Amino acid sequence: MLVVIQKVGTRLFRVFEELADRFFGPKLNPFYQLGGLAFFFYWIVAASGVYLYIFFETSVTEAYNSVERLTHEQWYLGGVMRSLHRYASDAMVLVVVVHLLREFCRGRFNGVRWFSWVSGVFLLWLMYASGVGGYWLVWDELAQFVAVLTSEWLDWLPIFNMAMARNFLNEAHLSDRFFSLLSFLHIGIPLVFLLVMWIHIQRISQPKSNPVGGLAWRVLLAMVVLSLIKPAISMDPANLDKVVTVVDLDWFYLGVYPLMDSWSYGSVWLLLGGGSFALMLLPLVVRPKRISVAEVELENCNGCERCFVDCPYGAVVMQARTDGLPYEKEAVVDPDQCVGCGICVGACPTATPFRRQGAHVAGIELADFAISELRERTINAAEALSGENKVFVFGCDHGDELNSLKSDSVAVMSLPCIGFLPPSFIDFLISRNYADGVVLTGCRDGNCHHRFGIDWTEQRLTNQRDPGLRQRVSRERLSRLWYGAGHIKQLRKELTAFQEKLKILGPNRVKKNRVSDGDVDGEELRGDL
Amino acid sequence: MTQLLWSDDFCIGVESIDHEHRELIILLNEICQALGGKSGIVKDKLMGELFARISAHFALEEKIMRNHRYDRYQEHKLDHDKLLDELREIMDDHEASGYASAEKLVKALVSWFTLHFKSEDARLHRQLG
Ligand code: HEM
Ligand code: SF4
Ligand code: SF4
Ligand SMILES: [Fe+2]
Ligand SMILES: [Fe+2]
């Protein structure tokens, strides 16, 4: 059942994400930085909130008027700030809910990710508590509606036992003191919210907590335009002596209020509390597939820190050396944080396909997919190739299934993540004539399942990140097709085109000719230095 | 037979780097010796070993340089990358030529090693020391 939802959801997301790719391109695609957008909206809300607070009067009688003055007399700034405050909060709900659904559909909630997932559920509550609190402060009819329902709903829980609703019985009962308390809560809860947002990303290294690629100012611009076209306004002032019914709700925050009105409070508690509880249990109920975690092989590790820098999940830490070798540090993997992507292996300088003197072991290895196995399988698959334009395709377990691309001249291999592949394997395949060209594929650009697999690979291939692909490898014999799952036809087409291109380039036999021509010698190499 | 001898001039004062320099020289000398008689696969293994170890050594040396905000980092790293490219060149030529022109290749290897030691690594030593 859950699996079906995930599958369907993933399909739907793919459609929307690729549509967004057309408009925004992978770097600007909002789907790929929902968490960062949520952070950005928080900052907009915080900044506009500070401004509003300067003009806000925390008293029952003056609150409404002060907001009115701000909205109408100071429409050009105060009004815009108010609208920004509201619309950015709404946008935040939107992106957070989509973020939640997306992480769920992609199965990124269990295993190591339980931490982000469960803290995320707390974030939902804090986000709503922050937002709903804001609606009270305006003290219009909507505020009254929300205040009465919320306090009765909270009172329903026996534990609170503070009879909050009494405050809202009639105008006389609502004291300025209580109102001040509310406005402090509207500052305090968002601060706790921020703290938990920070906690939420603690187990992720280099989290995208800011929108990148110029998305931020575009979003801000859109928000300002919206604020000018359709400013946020109040309803009539609250009057506790009158029962209000409200139709024009902010559905982002107040969607459950009609339910509170028509259902019993108990059922709403059951829905929200039970729902959250179920969400939190999800990582326990749906277990991840067994993953093969990374392990450090100390005798091949000199503590260069590359794996530590590249791990997208902060699962590698550098510690003082324990084996007596004269190195300062050693890498240590926390198996509870490792997702088994192998990106660390792709970073390790000793992960190479070239024969070694002793055992063929890298400084860091995936338990079930050793570098020696990668080497063997690569060679075996490559040796089966025949004809011209031999191509080796490396893909990943989260992209398309590649077996249908196999042919006499095309070998394929799926890796846990494309970032697992040390660039020296490409050098090896091409320069030793195992293949005339290499294709890398897997997830969609900007949307790598393991966060940085594509980015780090791209940077390694363009020598912006170590280990770089050696300059000597002709980039023309290399093709990167970051299409993501669901594009096997396009892959096939590009693969054929790539083979055509290789045909024109001719076979890759430069090296052999050069040596038999005898134009390489020591003198020349020394001269190069 | 070409031999590269460890000399205290090579010491840069960082224990891990000095250790690796020593080990690399041992390996290099082993390669020099092996080139005379040993089978192709033995040589190939030694070359591959050298490539892996030098790659790791450069990675560590570069990390240490970054930590010390070493001023000639870019140049030094560029030299490393060039050396790795050349080593790969040597490995492939070596394989392609049936391990024939060994002596010449090793000479080249030893010479770049010495040169890099004398210029880049030695300067690193003066800076860190
Ligand atoms: C204000 C609310 C939230 C903010 C600001 C936020 C922000 C973020 C950010 C910045 C990331 C890192 C993304 C990356 O760099 O790849 C992230 C990851 C994540 N978030 Fe949220 N999030 C929020 C709410 C939630 C909620 C409600 C859930 C689910 C219940 C959730 C589940 C996750 C998970 C599972 C990850 C980890 C993804 C991975 O490991 O690849 N988040 N979040
Ligand atoms: S990349 Fe390899 S050598 Fe460097 S610290 Fe990690 S395991 Fe050790
Ligand atoms: S396998 Fe992935 S998650 Fe595990 S340590 Fe390596 S890079 Fe980090
Ligand atoms: Fe050096
Ligand atoms: Fe060195």
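Predicted model: local features only at pLDDT ≥ 70, side-chain atom pairs only at ≥ 80, totals over all residues.
First, the bookkeeping. Residues count from 1 along each chain as its sequence is written, and chains are lettered from A and ligands numbered from 1 in the order in which they are written. Local features need pLDDT of at least 70, side-chain atom pairs count only at pLDDT 80 or more, totals for chains, interfaces and linings use all residues, and side-chain values use heavy atoms, with hydrogens and water left out.

**Chain A overall**

Chain A carries 19 helices and 8 strands; these are DSSP runs (helices H or I, at least four residues; strands E, at least two), numbered from the N terminus. Its C-alpha trace spans about 100 × 50 × 50 Å along the principal axes. Of its 529 residues, 54% are buried, where buried means under 20% relative accessible area, exposed over 50% and partly exposed in between (1.4 Å probe, protein chains only). As for contacts (heavy atoms within 4.5 Å), take those in chain A between residues at least 6 apart in sequence: 74% of them join residues at least 24 apart.

His99(A) sits in helix α4 (residues 75-105) of chain A and His200(A) in helix α7 (residues 176-200) of chain A, so the two together tie up parts that are 101 residues apart in sequence.

For reference, the ideal angles for six octahedral donors are 90 or 180 degrees. As for accessibility, His99(A) is partly exposed at 22%, whereas His200(A) is buried at 13%.

**A helix crossing**

Helix α6 (residues 141-156) and helix α11 (residues 265-285) of chain A have axes that come within 9 Å and cross at roughly 80°. Those axes are lines fitted to C-alpha atoms over the stretch in contact, and angles run from 0 to 180 degrees between N-to-C directions. That makes α6(A) roughly perpendicular to α11(A), a label for angles of 65 to 115 degrees. From α6(A) the contact includes Leu149(A), Trp153(A) and Trp156(A), while α11(A) brings residues including Tyr265(A), Trp269(A) and Leu272(A). The contact residues split into 8 nonpolar, 1 polar and 1 charged; Ala, Val, Leu, Ile, Met, Phe, Trp, Tyr, Cys and Pro count as nonpolar, Asp, Glu, Lys and Arg as charged, and the others, Gly among them, as polar.

| Residue | Phi | Relative accessible area |
|---|---|---|
| Trp139(A) | about 55° | 3%, buried |
| Gln206(A) | about 45° | 43%, partly exposed |

Trp139(A) belongs to the loop between α5 (114-137) and α6 of chain A, and Gln206(A) to the loop between α7 and α8 (215-229). There is also a cis peptide bond between Asp466(A) and Pro467(A), with omega about -10°; Pro467(A) is in the loop between α16 (453-461) and β8 (478-481) of chain A.

**Over to chain B**

His19(B) lies in helix α1 (residues 15-37) of chain B and is buried at 16% relative accessibility. Leaving aside residues up to four places away in sequence, His19(B) touches Pro326(A) and Tyr327(A).

Terms used. Parallel < 35°, antiparallel > 145°, perpendicular 65-115°, else oblique.
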